[in-house]
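Try each task yourself before reading its solution.

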Amino acid sequence: MPQCATAALPRDGSRGQVSAAAAAGAFPRRVKVVEVGPRDGLQNEKNIVPTPVKINLINMLAETGLQVIEATSFVSPKWVPQMADHTEVMQGINKLPGISYPVLTPNLKGFQAAVAAGAKEVSIFGAASELFTKKNINCSIEESLERFDEVMTAAKAASIPVRGYVSCVLGCPYEGKISAAKVAEVSKKMYSMGCYEISLGDTIGIGTPGSMKEMLTAVMKEVPVGALAVHCHDTYGQALANILVALQMGVSVVDASVAGLGGCPYAQGASGNVATEDLVYMLNGLGIHTGVDLQKLMDTGTYICNALNRRTNSKVSQASCRL
Amino acid sequence: MGTVPSALKHCLSYQHLLKEQLWIGEPGAPPPAAPHPGQESQASGLPEYIKIVEVGPRDGLQNEKVIVPTDIKIELINRLSKTGLPAIEVTSFVSSKWVPQMADHKEVMRGIERQPGVQYPVLTPNLQGFHSAIAAGATEVSVFGAASESFSKMNINCSIEESIEKFEEVAKSARNMNIPVRGYVSCALGCPYEGNIVPAKVAEVSKRLYSMGCYEISLGDTIGVGTPGSMRRMLEAVMKEIPLSALAVHCHDTYGQALANILTAIQMGVTVVDSSVAGLGGCPYAKGATGNVATEDVIYMLNGLGVNTVDETQRPN
């Protein structure tokens, strides 16, 4: 095999030029990467990960420059066994200043347990699909938002910021097509309830730059773009292209999962979350600032994949030349 | 995502989802007339039609470890011919000493069933290969340049200038016989030996190939290191020398960037995209890494964008 030019990652020599282009308004100058590997990623991995490994993972991620790391989910272990150790994880991680460690809280009980365990930020999950909400949490969208009202009230009283997720924004595994207007409606409700940010999730990865653009156009009429994030799944290989379009429209917060952890429960054998490494690689190439050290991120991906005894889903990791 | 539901068996099948979302219905069925979620490509500033050049049987198989029997290669090409793809790269008339996978080039060329309206280019690295290709029935050929001196030296053991001279011989003979020639420029966004490649060099080599008579220049991100940033800069430089309609992009997905890079290219007006069915062909420069972008994934994206990939005037019956 031929000798590669460098053992490290290829470096884009003219980042300065691209930064100028980014500054000119083509792309945001900075993007906040929300790392969802320890929660969304692990939740969809078959193998149960021991608590110390989860804690190690989060601590390693905190050293990469990531500003937001979704740590765990305060949901009943009956439903999500992988997250049964939520309290231990929350209490065990080494929280670095300047880094946010949001946790999922599906209801008031979960919220209270989260705060007791030291959580300083929480997330709630809505959906743009009635059928998905019914199958997932056995109620209507309206009823789910009423449940979250309790969480919002308690969070406001405790000065705890709340992030809102909207699932199925580009398609639903039960309903199929989802109207952009419905996504906008649910997003608006959650934003009005007090969520500081709305993460729009292509839950089954079925979206394309076309549907992403259409959906964002509708949502941006109701929620300021500065409060929007995209959470793209790579199930159909479209994630980075979809993210690119979102960036072009002004979105500056992107969710991703180290090593692309987390398969898709709706499509057997398919991939799920977009890999943080691949996202950061693209953002670097665009001259967009993320603050993330890609090499450290890749090392973290290697760590968790070894612990899970699985291959990485990150193409950047797969490609990295090891001399 | 929230809690994992137990009622997965009630999920819509992927066929249903795709049919509903992306016009993927009966083979040969036209897309519905009603407005589509992907929006009219014209309104979004994208080309109406993108020509896909299927390189699986050549570039794909060439980089697969397992030697594929001739009859399977022929069957592959015959099946691809029925999908509506307008161009399928069949094989390479290169010495079997260098590329054993392509040793059966003559048999494959003679064995395939050609669909009317579909192009079947073959690689011809030199005049000898060109004559051999014509004798076997080829009606279009391709030549491979590179934007990197080191790559050219390591790959074909000569400088870029020397390789251009060889291609000029091919181009001259091709012109005399009315055979179209497609030019490839490798390492357009980076080289496994030199690293960074300046866009001006890509533009220079592209211009040489275009001037000698290549009707189309396919710009290859050979090791897939490019990103939308470097793709844009490279295309801006090349577009100063070559008309947009004569440009194609050949992206590798080694770093997962291919679709984002292709999207950037088509946003800039490029209308020809190379890809490989099933993403055949790994990367010889990065062990275990992927190579070509998968045709299925490209078409999925283009369908979602409302961009046509079937030339209506050439739709197979």
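**Exercise 1. A loop residue in chain B**

Which residues does B:Asn292 touch, not counting residues up to four places away in sequence?

Solution. Before starting, note that this is a predicted model, where local features need pLDDT of at least 70, side-chain atom pairs count only at pLDDT 80 or more, and totals for chains, interfaces and linings use all residues. Residues are numbered from 1 along each chain as its sequence is written, chains are lettered from A and ligands numbered from 1 in the order in which they are written, and side-chain values use heavy atoms, with hydrogens and water left out.

Step 1: B:Asn292 sits in the loop between β8 (272-275) and α11 (295-304) of chain B. Helices (H or I, at least four residues) and strands (E, at least two) are DSSP runs, numbered from the N terminus.

Step 2: list the contacts, where contact means heavy atoms within 4.5 Å. B:Asn292 touches B:Val55, B:Asp59, B:Gly60, B:His250, B:Cys251, B:His252, B:Asp253, B:Ser276, B:Gly279, B:Leu280 and B:Gly281.

Step 3: pick one partner. B:Ser276 is 16 residues from B:Asn292 along the chain, and their C-alpha atoms are separated by 5.9 Å.

Step 4: check the cover. B:Asn292 counts as buried because its relative accessibility is 5%. Buried means under 20% relative accessible area, exposed over 50%, and partly exposed in between (1.4 Å probe, protein chains only).

**Exercise 2. The helix that follows**

Take α11(B) and find out how many of its residues are buried.

Solution. Step 1: count. Seven of the 10 residues of α11(B) are buried, so this helix is largely enclosed by the rest of the structure.

Step 1: name them. The buried residues are B:Thr295, B:Val298, B:Tyr300, B:Met301, B:Leu302, B:Asn303 and B:Gly304.

Step 2: look just past the helix. B:Gly306 follows α11(B) and has a positive phi, near 75°.

**Exercise 3. The sheet of chain B**

In what order do the strands of the open sheet in chain B lie?

Solution. Step 1: trace the sheet. Its eight strands run β2-β1-β8-β7-β6-β5-β4-β3 (chain B), with parallel pairing. At the edges are β2 (87-88) and β3 (122-123) of chain B, each of which pairs on one side only. Two strands pair if DSSP finds at least two bridges between them.

Step 1: β3(B) is joined to β4 (residues 141-146) of chain B by two bridges, in parallel, and B:Val122 faces B:Val141 in β4(B).

Step 2: β5 (residues 181-186) of chain B pairs with β6(B) in the parallel sense over four bridges, with B:Tyr184 opposite B:Ser218.

Step 3: sort the side chains of β6(B). In a regular strand the side chains alternate between the two faces of the sheet. Here B:Glu216, B:Ser218 and B:Gly220 point one way, B:Ile217, B:Leu219 and B:Asp221 the other way, and all are buried.

**Exercise 4. Chain A as a whole**

Does the radius of gyration of chain A agree or disagree with that of a compact globule?

Solution. Step 1: compare. For 323 residues a compact globule would have a radius of gyration near 20 Å, and chain A has 19 Å, which agrees. The radius is taken over C-alpha atoms, and the globule rule is 2.2 Å times the number of residues to the power 0.38.

Step 1: The C-alpha trace of chain A spans about 60 × 45 × 40 Å along its principal axes, and 60% of the 323 residues count as buried.

Step 2: survey the fold. Chain A has 13 helices and nine strands. Its open sheet of nine strands has the order β2-β1-β9-β8-β7-β6-β5-β4-β3 (chain A), with parallel pairing; the edge strands are β2 (68-69) and β3 (72-73) of chain A.

**Exercise 5. Positive phi in chain A**

What is the phi of A:Ser159, and what is that of A:Asn309?

Solution. Step 1: recall the background. Most residues other than glycine have a negative phi.

Step 1: read the angles. Phi is near 55° in A:Ser159 and about 55° in A:Asn309, positive in each case.

Step 2: locate them. A:Ser159 lies in the loop between α7 (141-157) and β6 of chain A, and A:Asn309 in the loop between α12 (294-308) and α13 (315-319) of chain A.

Step 3: check exposure. A:Ser159 counts as exposed at 63% relative accessibility, and A:Asn309 is exposed at 72%.
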